[in-house]
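Thank you all for making time this morning.

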Amino acid sequence: QVHVVESGGGLVQAGGSLRLSCVASGTNRSANRMGWYRQAPGKQRELVAHITSGGITNYADSVKGRFTISRDNAKNTVYLQMNTLKPEDTAVYYCNVAFTTWPQSDYWGQGTQVTVSS
């Protein structure tokens, strides 16, 4: 059973930075894709960024130029460096780990709260 754990959330002032980490354990397979999603109160969960095992990245327009996603394939770990944070970045951030080759499977962490004060 794959277990996904996020860390690094917290409270920060606007303009500040945070770094989120996510580790997927319980498997010896390297995840094909790892990513971060977020959900603000009253809103749907949305993609923030994801990265493939080959290093191809994709970002939401709202975070381009401010957030950077990276990963350590050997450790099945993904990071999200968040700079120049804005109050609208406030949300619960969830890590997603996807195995897109057979057997396909998809796992989520419990989420970590990020709060940006103005």
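Let us begin with β1 and β3, which pair in the antiparallel sense over five bridges, and please keep in mind that what we are looking at is a predicted model. If you look for Ser-7, you will find that its bridge partner in β3 is Ser-21. For those new to this, strands of a sheet pair through backbone hydrogen bonds, and they can do so either parallel or antiparallel.

Which residues form the disulfide? The structure holds one disulfide, and it is formed by Cys-22 and Cys-95, with their sulfur atoms 2.0 Å apart. Because Cys-22 lies in strand β3 and Cys-95 in strand β9, residues 91–99, the pair ties together parts that are 73 residues apart in sequence. The torsion about the S-S bond is about -80 degrees, so this disulfide is left-handed. Cys-22 has 0% relative accessibility and therefore counts as buried, and Cys-95, at 0% relative accessibility, counts as buried too.

Finally, a residue in a loop: Gly-65 is found between β6, residues 57–59, and β7, residues 67–72. Since its relative accessibility is 84%, Gly-65 counts as exposed.

Note on methods: Residues are numbered from 1 along each chain as its sequence is written. This is a predicted model: local features need pLDDT of at least 70, side-chain atom pairs count only at pLDDT 80 or more; totals for chains, interfaces and linings use all residues. Side-chain values use heavy atoms; hydrogens and water are left out. A disulfide is a pair of cysteine sulfur atoms within 2.5 Å. Helices (H or I, at least four residues) and strands (E, at least two) are DSSP runs, numbered from the N terminus. Buried means under 20% relative accessible area, exposed over 50%, partly exposed in between (1.4 Å probe, protein chains only). Two strands pair if DSSP finds at least two bridges between them.
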